Amino acid sequence: VKGKQKGYKGRIFDFDLVKKTFFESDYDKMKELTTRQEEIESYRKDIFDNLEEDLQKELGKSNDSGDFDAKKLKAYVKEETNEAFVRVLKELDETKAIAKEIKGMEATLNEKAKDLIPVLTEEQIDLLLTKKWLEPLRKDLNDVLNKTLSDYITKLSALKDKYSDSLADINKEIESTTDSLKSMMNELTGNEADMKAIELLMNVL
């Protein structure tokens, strides 16, 4: 295993899997920061995209990147108070700090994963193999099974809806015909044997 795991990149296990498995707390923290950064950028983009074109040119970066120029925005806010712009300015500083923190955490986690991979125990290797191959396979099989069952239930429900009215009509017609037949048989006359046969037939109906 050691021979296969030399070097900075994991050949069998990628760094993300190793970091996620053995350094879960730090990994989750980094992902939370990434999510926060994406939320900030999404809000800023929404605000910028909804500005009038003239204001976009006035406050946007010169390279027409579709984003605010921090210096232009700061100067504008000094003259015109706007809560959304104030929030954007505040979050521009926040996202810079987040980006710096993410970069540092990623470098640290990469170093931890790099140091761990060559000395993985058999138990740790088994765990990684399970997460890399068995868990995705199990999920795929469950997805296929769930889809198959869902499709079957949908088709069965469609058949039920398609034929429910027809079956009800058929049953009503059978009942009506049976009642009419019994009524007519009640009017029949004959000898004892004939009447006995008619009685038996009516019981069957």
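Guide: Of the 205 residues of the protein chain, 22% count as buried (under 20% relative accessible area; over 50% is exposed and the range in between partly exposed, with a 1.4 Å probe and protein chains only). The model is predicted: local features need pLDDT of at least 70 and side-chain atom pairs pLDDT 80 or more, whereas totals for chains, interfaces and linings use all residues. Residues are numbered from 1 along each chain as its sequence is written, and side-chain values use heavy atoms, without hydrogens or water.

The protein chain has 7 helices and 0 strands (DSSP runs numbered from the N terminus, H or I of at least four residues for helices and E of at least two for strands). Among the contacts with a separation of 6 or more, 56% join residues 24 or more positions apart; a contact means heavy atoms within 4.5 Å.

The part to examine is helix α5, which covers residues 83–116. Its packing needs two quantities: packed helices are described by the angle between their axes and the distance between those axes.

Consider the partner α2 (residues 24–49), whose axis lies 9 Å from that of α5 at an angle of about 150°. Axes are lines fitted to C-alpha atoms, for helices over the stretch in contact, and angles run from 0 to 180 degrees between N-to-C directions. The angle therefore makes α2 roughly antiparallel to α5 (over 145 degrees; under 35 is roughly parallel, 65 to 115 roughly perpendicular and the rest oblique). The crossing of α2 and α5 is left-handed, a term used if the near helix is turned anticlockwise from the far one by less than a right angle, with right-handed for clockwise. The residues of this contact divide into 15 nonpolar, 3 polar and 11 charged. Here Ala, Val, Leu, Ile, Met, Phe, Trp, Tyr, Cys and Pro count as nonpolar, Asp, Glu, Lys and Arg as charged, and the others, Gly among them, as polar.

Two residues of α5 may be set side by side. Thr95 lies in this helix and counts as buried because its relative accessibility is 10%. Leaving out residues up to four places away in sequence, Thr95 touches Gln37, Ile40, Glu41 and Arg44. Lys96 is also in α5, but Lys96 is exposed, at 57% relative accessible area. The C-alpha atoms of Lys96 and Gln37 are 9.0 Å apart, although 59 residues separate them along the chain.

Helix α4 (residues 70–79) is another partner: its axis comes within 10 Å of that of α5, and the two cross at roughly 140°. That angle makes α4 oblique to α5. In α4, Ala70, Leu73, Lys74, Tyr76 and Val77 meet Phe85, Val86, Val88, Leu89 and Leu92 of α5. This contact comprises 9 nonpolar residues, no polar ones and 1 charged.

Finally, the largest nonpolar core has 19 residues, and Phe13, Val18, Met30, Leu120 and Leu128 have the most contacts inside it. A nonpolar core is a set of buried Ala, Val, Leu, Ile, Met, Phe, Trp, Tyr and Cys residues joined through side-chain atoms within 4.5 Å. Helices α1 (15–22), α2, α5 and α6 (122–186) each supply at least two of its residues, and α5 gives the most, with 6. Apart from this core lies another of 12 residues, including Val77 and Val88.
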